[in-house]
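Dear colleague,

I am passing on the structure we spoke about, and it is shown just below. My notes follow it, and I would be glad if you read them side by side with the model.

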Amino acid sequence: MNEASVPTGPKVVGVIGGGRMGAGIAQVFAALGARVVVVESGEEAALDARRRVADGLAKAADRGKLADPPETVLERVAVAGAVDDLPAHAELVVEAVPERPESKVEVLTRAEAVVGDETVLASNTSSLSITELGAPLNRPERFLGMHFFNPVPASELVEVVTPSAVAGDAVERVRGWVRALGKTDVVVRDSPGFATSRLGVMLGLEAIRMLEEGVADAEAIDNAMELGYRHPMGPLRSTDLVGLDVRLAIAEHLHSTLGERFAPPQLLRDKVAAGELGRKVGTGFHDWS
Ligand SMILES: NC(=O)c1ccc[n+]([C@@H]2O[C@H](COP(=O)([O-])OP(=O)(O)OC[C@H]3O[C@@H](n4cnc5c(N)ncnc54)[C@H](O)[C@@H]3O)[C@@H](O)[C@H]2O)c1
């Protein structure tokens, strides 16, 4: 690749919602050299978000993953308590508030009124329809999905989710920024579950059905995929990690949009009802205590 074709990152970025994902997104763009403004709901939450970014930077520095000292990178990160404080000249604004359509639409429409015409707005939703989130916007051609994975600094993938209204140049700018982060983009047409959740959940549901039918035990099913197909993590272990409740919610959404093949197995419902939600509580399909 010659010098001219090396993708460069955006110079100014806004992030709405500085929780687990938003703090990670702010961290990686700041590490790349961007000025980042993280918007939270109120001043106190904004300070918490700043602490999360600082913690993430300290970890990255410990692992030798930061080119600049963490305090230098942190100086590029400002926090604010309201969407109106987004920088008008931001090239990119990523929304990462909780997975509730009404909250997302509210902050996105507000953000659109604050930023310039050329700013690309992106949602980090893992399951909502980008087309529906973008419907109330005045510039749907500047809106798409940028689906980062957790933990953001370490994950290699960003799913770029494209509704039919988005302009090609907005997609290309976003793809360049993803590559500038050292990550790989996959472009996916806006559809339920995008590519990752749709395939990942399907594999997980089938593994649960196999467990229900007594085909093999959880360890054997996971080993089969880890050793036989070189998946880094088997489908049941991965369901434990994501959380059985989270997986059930996504499966219900895909069931209602894509049909019977995503019907959640009874065993998944039973485990969620019993509070066996996976690693976060110590037990799911495996014992994590
Ligand atoms: N956690 C994951 O593994 C993961 C992975 C990919 C995508 N996502 C998606 O990313 C989004 C955020 O998830 P998360 O895990 O970071 O959630 P989180 O709860 O950790 O963070 C959400 C943050 O948004 C803030 N917030 C709420 N309302 C706000 C508002 N009106 N304005 C500004 N900030 C507001 C909250 O205070 C909180 O800090 C969701 O859409 C989720 O589906 C999550």
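R110 is partly exposed, with a relative accessible area of 41%; here buried means under 20% relative accessible area, exposed over 50%, and partly exposed in between, with a 1.4 Å probe and protein chains only. Before going further, please note that this is a predicted model, in which local features need pLDDT of at least 70 and side-chain atom pairs count only at pLDDT 80 or more, while totals for chains, interfaces and linings use all residues. Residues are numbered from 1 along each chain as its sequence is written, and side-chain values use heavy atoms, with hydrogens and water left out.

Salt bridges

R110 forms a salt bridge with D84, and the closest N and O atoms of the two are 2.6 Å apart; the rule asks for a side-chain nitrogen of Lys or Arg within 4 Å of a carboxyl oxygen of Asp or Glu. This pair links distant parts of the chain, since D84 is in the loop between strand 3 (77-80) and strand 4 and R110 is in helix 4 (residues 101-114), 26 residues apart. Helices (H or I, at least four residues) and strands (E, at least two) are DSSP runs, numbered from the N terminus.

A second salt bridge is formed by R139 and D117, with the closest N and O atoms 3.3 Å apart. That pair also links distant parts of the chain, with R139 in the loop between helix 5 (130-134) and strand 6 (143-148), and D117 in the loop between helix 4 and strand 5 (120-123), 22 residues apart. R139 is buried, at 17% relative accessibility.

For D169 and R142, which form another salt bridge, the closest N and O atoms are 3.5 Å apart. D169 lies in helix 6 and R142 in the loop between helix 5 and strand 6, so the pair ties together parts that are 27 residues apart in sequence. D169 is partly exposed at 40% relative accessibility, whereas R142 is buried at 10%. The count by this rule comes to 17 salt bridges, and a network of them links E172, R175, R179 and D185.

Strands and their pairing

Five of the five residues of strand 1 (residues 12-16) are buried, so this strand is largely enclosed by the rest of the structure. Side chains in a regular strand alternate between the two faces of the sheet. In strand 1 both faces are covered, with V12, G14 and I16 buried on one side and V13 and V15 buried on the other. Strand 1 runs parallel to strand 2 (residues 35-39), to which five bridges join it, pairing being assigned if DSSP finds at least two bridges between two strands; V13 has V36 as its bridge partner there. Strand 1 also runs parallel to strand 4 (residues 92-95), with four bridges between them, and in strand 4 the bridge partner of I16 is E95.

V161 stands opposite V188 of strand 8.

Domains

The domain assignment gives domain 1 (12-189) and domain 2 (195-280), with bounds that come from an automatic or database domain assignment. Their centres, taken over C-alpha atoms, are separated by 29 Å. Seven residues of domain 1 are in contact with four residues of domain 2, where contact means heavy atoms within 4.5 Å. The two domains bury about 390 Å² between them, 56% of it on carbon and sulfur atoms, the buried area being the accessible area (1.4 Å probe) that two parts lose on being put together, summed over both. Zero salt bridges are found across this interface.

Backbone points to check

A cis peptide bond, with omega about -5 degrees, joins N150 and P151, and P151 is in the loop between strand 6 and strand 7. F194, a residue other than glycine, has a positive phi near 45 degrees; F194 is in the loop between strand 8 and helix 7 (196-212) and is buried, with a relative accessible area of 3%. R230 likewise has a positive phi, near 60 degrees, but is exposed at 76% relative accessibility, in the loop between helix 8 (218-228) and helix 9.

With best wishes
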